Amino acid sequence: MHALIELQMPTEVDLRLHFLPAKILADEEAEVKKYFEINSVRQNDFLENSLRGHSLLGESIQVPSGFKSVVLQDSRGAHRKLKIKGCFQDFTYWNYDRSPGQADVYKQALEALHISEALSYPIDEKEIASIISNKEKDERTS
């Protein structure tokens with residue numbers, strides 16, 4: 001399936017995003033600032049809140065420099081279109097069963113960006129020859 005992305009000026013430029021460990025069966029506006037963000041409390045290194053009686057521990061993460069983060073809105077019709085809803089520079093993700101940590105999917109995804117950047121860094125033939133030569137020298141001395 002193909003999608004067309006409309007590059008229009010977003011209606012909301014600086015969005016506040018929360019990734020919750022819940023499935024919410026609704027597709028409408030929510031007053032997150034009024035009912036959720038106002039109740040977030042910083043305890044030690046994490047944020048604390050609750051959703052429908054379930055305790056949540058959260059952490060705010062910055063989008064790595066050099067990357068642009070956008071929220072796309074899907075409008076299905078005769079032709080599927082993705083419209084840029086807004087941009088964000090940080091987001092808060094929440095866990096209900098553990099403290100946020102390095103094993104969390106969001107942190108691993110951001111780490112994958114750094115790994116892919118390092119793996120795709122161009123190396124010329126001289127650098128490769130130097131690496132091979134140094135490795136051969138190390139093997140002969142050991």
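# A guided tour, from salt bridges to a pocket

Start by selecting R16, E37 and D90, which are linked in a network of salt bridges. A salt bridge here is a side-chain nitrogen of Lys or Arg within 4 Å of a carboxyl oxygen of Asp or Glu. Side chains of opposite charge can pair when their charged atoms come close.

Before you go on, please note that this is a predicted model, in which local features need pLDDT of at least 70, side-chain atom pairs count only at pLDDT 80 or more, and totals for chains, interfaces and linings use all residues. Residues are numbered from 1 along each chain as its sequence is written, and side-chain values use heavy atoms, with hydrogens and water left out.

**Stop 1: the salt bridges**

How many salt bridges does a search of the whole structure find? There are six. Zoom in on R16 and D90: their closest N and O atoms are 3.1 Å apart. R16 lies in the loop between β2 (12-14) and β3, while D90 is in strand β9, so this pair ties together parts that are 74 residues apart in sequence. Strands such as these are DSSP runs (E, at least two residues), as are helices (H or I, at least four), and both are numbered from the N terminus. R16 is partly exposed, with a relative accessible area of 47%. For this tour, buried means under 20% relative accessible area, exposed means over 50%, and partly exposed is in between (1.4 Å probe, protein chains only).

Next, select K107 and E59. Their salt bridge has its closest N and O atoms 3.0 Å apart. It links distant parts of the chain, with K107 in helix α2 (residues 105-119) and E59 in strand β6 (residues 54-62), 48 residues apart. Are these two residues buried or exposed? K107 counts as buried at 18% relative accessibility, and E59 counts as buried at 18% too.

Now move to D104 and R98, whose side chains meet in a salt bridge of 2.9 Å, N to O. D104 is buried, with a relative accessible area of 2%, whereas R98 is partly exposed at 41%.

**Stop 2: the aromatic rings**

Select F19, F88, F91, Y93 and Y106, and show their side chains. Ring pairs link these residues into a cluster. Rings of Phe, Tyr and Trp (its six-membered ring) pair if their centres lie within 6.5 Å; planes under 30 degrees apart count as stacked, over 60 as edge-to-face and the rest as tilted. By this rule the count comes to six aromatic pairs.

Why is the pair of F19 and F91 edge-to-face? The ring centres of F19 and F91 are 5.3 Å apart and the planes are at 90°, so the pair falls in that class. F19 lies in strand β3 (residues 17-19) and F91 in strand β9 (residues 90-95), so the pair ties together parts that are 72 residues apart in sequence. F19 counts as partly exposed at 29% relative accessibility, while F91 is buried at 7%.

**Stop 3: around F91**

Keep F91 selected and look at what surrounds this residue. Not counting residues up to four places away in sequence, F91 touches L17, F19, E59, S60, I61, Y106 and L110, where contact means heavy atoms within 4.5 Å. F91 also belongs to the largest nonpolar core, whose eight residues are L15, L17, I61, V63, F88, F91, Y93 and L110. Such a core is a set of buried Ala, Val, Leu, Ile, Met, Phe, Trp, Tyr and Cys residues joined through side-chain atoms within 4.5 Å.

**Stop 4: the largest pocket**

Select H18, E28, E29, A30 and V32. Of the 29 residues that line the largest pocket, these lie nearest its centre. The elements that give two or more residues to the lining are β3, α1 (32-35), β7 (69-75) and β8 (81-88).

Helix α1 is also the place of K33, which counts as exposed at 65% relative accessibility. The C-alpha atoms of K33 and R16 are separated by 9.0 Å, and these residues are 17 apart along the chain. As for the term itself, on a 1 Å grid over the protein atoms alone, a pocket is an open set of points where a 1.4 Å probe fits, with protein on both sides within 12 Å along at least five of seven lines; lining residues have an atom within 4 Å of a point.

**Stop 5**

Finish with N44 and R52. Most residues other than glycine have a negative phi. Phi of N44 is near 55°, a positive value, and phi of R52 is near 50°, also positive. N44 lies in the loop between β4 (41-43) and β5 (46-51), and R52 is found in the loop between β5 and β6. N44 counts as exposed at 73% relative accessibility, and R52 counts as exposed at 82%.
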